[in-house]
Protein chains: 2
Amino acid sequence: MKLIHQLSKETGIPIGTIRFYEKSGLFRGKTKEEVKTNNYVYYGDEVVEKLRFIQMAKAVGFTLSEIKEVIDAWYKKQISKNAKIEVLDRKLLQIDEKIKELKAFKNK
Amino acid sequence: MKLIHQLSKETGIPIGTIRFYEKSGLFRGKTKEEVKTNNYVYYGDEVVEKLRFIQMAKAVGFTLSEIKEVIDAWYKKQISKNAKIEVLDRKLLQIDEKIKELKAFKNK
DNA sequence: TCAAACTATGCAGTATGCTACATACTTGTA
DNA sequence: TACAAGTATGTAGCATACTGCATAGTTTGA
């Protein structure tokens, strides 16, 4: 479990941005109940994983709300693996399509 | 040669957005010199082509300035075909990379 | 001919995604 | 124990990419 400074260093994402993502509901750290002197927030490996996903997804044109949709589905235990993959695939297919069109553009 | 209304209908891009793109330097229509009574701007097929490119490129996460870079290179006659393709490929490869990573994510 | 539709220009406003700043408290270490 | 480094919270500001509105002029069709 890491504090925000370390999380930032590990992912390369600025602290301000991490806080912004957290406020946007993309993930949640947790405070340690046993610590009474502060309300420092700790982040586990799941958050690192989510941040890496966010970085990749943003790079291929996902909006934050699309990313939230995928993450919400992905980390929801109730739904099937196939249903999870489908949420991600839907957008990925659109992108594949566009990439193909862009590549076709090269032969103009 | 079409006026902005028809261009908008043909591409599905709102008139305001087309004007915004034009002002951003992504392309330029031309006024007909022989017409003295107005300054209506006409757009040729090259502009349609550029707008389609913009739509695709935006969908895979290109920013407008990245798009401008590609378009500028693409429609510059002085540079070689290979050089043009390279400008486009640079970003396309980055995206391919990210897509691959995202697909790998599915096996988690 | 006159009203609807279209065009140009300019500027204000909005949504998204950060980024910076101020304030205040906590922790680690020399 | 002092002081740098880290943390939380809140709010303002900024860049990008639109979107809408007001104003004014032009064109087209019944």
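Student: How far is a backbone N or O atom of V41(A) from a phosphate oxygen of DNA strand D?

Tutor: This is a predicted model: local features need pLDDT of at least 70, side-chain atom pairs count only at pLDDT 80 or more, totals for chains, interfaces and linings use all residues, and side-chain values use heavy atoms, leaving out hydrogens and water. Residues are numbered from 1 along each chain as its sequence is written, while chains are lettered from A and ligands numbered from 1 in the order in which they are written. A polar contact is a pair of N or O atoms within 3.5 Å; within protein, one must be able to donate a hydrogen and the other to accept it, and residues adjacent in sequence count only if both atoms are side-chain atoms. For V41(A) and the phosphate oxygen of DNA strand D, the distance is 2.4 Å.

Student: Which residue has a side-chain N or O atom 3.3 Å from a base nitrogen of DNA strand D?

Tutor: Sugar or phosphate supplies 76% of the DNA strand D atoms within 4 Å of the protein, and bases the rest. L64(B) has a polar backbone atom 2.8 Å from a phosphate oxygen. The base nitrogen is approached by the side chain of Y40(B).

Student: Which helix gives the largest share of the surface near DNA strand D?

Tutor: Near means that a heavy atom of the residue lies within 4 Å. Helices are DSSP runs (H or I, at least four residues), numbered from the N terminus. Helix 1 (4-11) and helix 2 of chain A, and helix 2 (15-23) of chain B, each supply at least two residues. The largest share, 4 residues, comes from helix 2 of chain B.

Student: Which helix gives the most to the surface near DNA strand C?

Tutor: 17 residues surround DNA strand C, with Y21(A), T37(A), H5(B), R19(B) and V41(B) the closest. The most residues, 4, come from helix 2 of chain A.

Student: Which residue has a polar side-chain atom 2.5 Å from a phosphate oxygen of DNA strand C?

Tutor: L64(A) uses a polar backbone atom, 2.8 Å from a phosphate oxygen of DNA strand C. N39(B) has a polar side-chain atom 3.2 Å from a sugar or linking oxygen. The side chain at 2.5 Å from a phosphate oxygen belongs to T37(A).

Student: How much area do chain A and chain B bury between them?

Tutor: Contact means heavy atoms within 4.5 Å; 26 residues of chain A meet 26 of chain B. In chain A, L102(A), F105(A) and K106(A) lose the most area, together 27% of what that side buries. Buried area is the accessible area (1.4 Å probe) lost on putting two parts together, summed over both. Carbon and sulfur atoms carry 71% of the total, which is about 2600 Å².

Student: Is K91(B) buried or exposed?

Tutor: K91(B) is in helix 5 of chain B. Its side chain makes a 3.0 Å polar contact with that of E66(B). Buried means under 20% relative accessible area, exposed over 50%, and partly exposed in between (1.4 Å probe, protein chains only). K91(B) has 13% relative accessibility, so K91(B) counts as buried.
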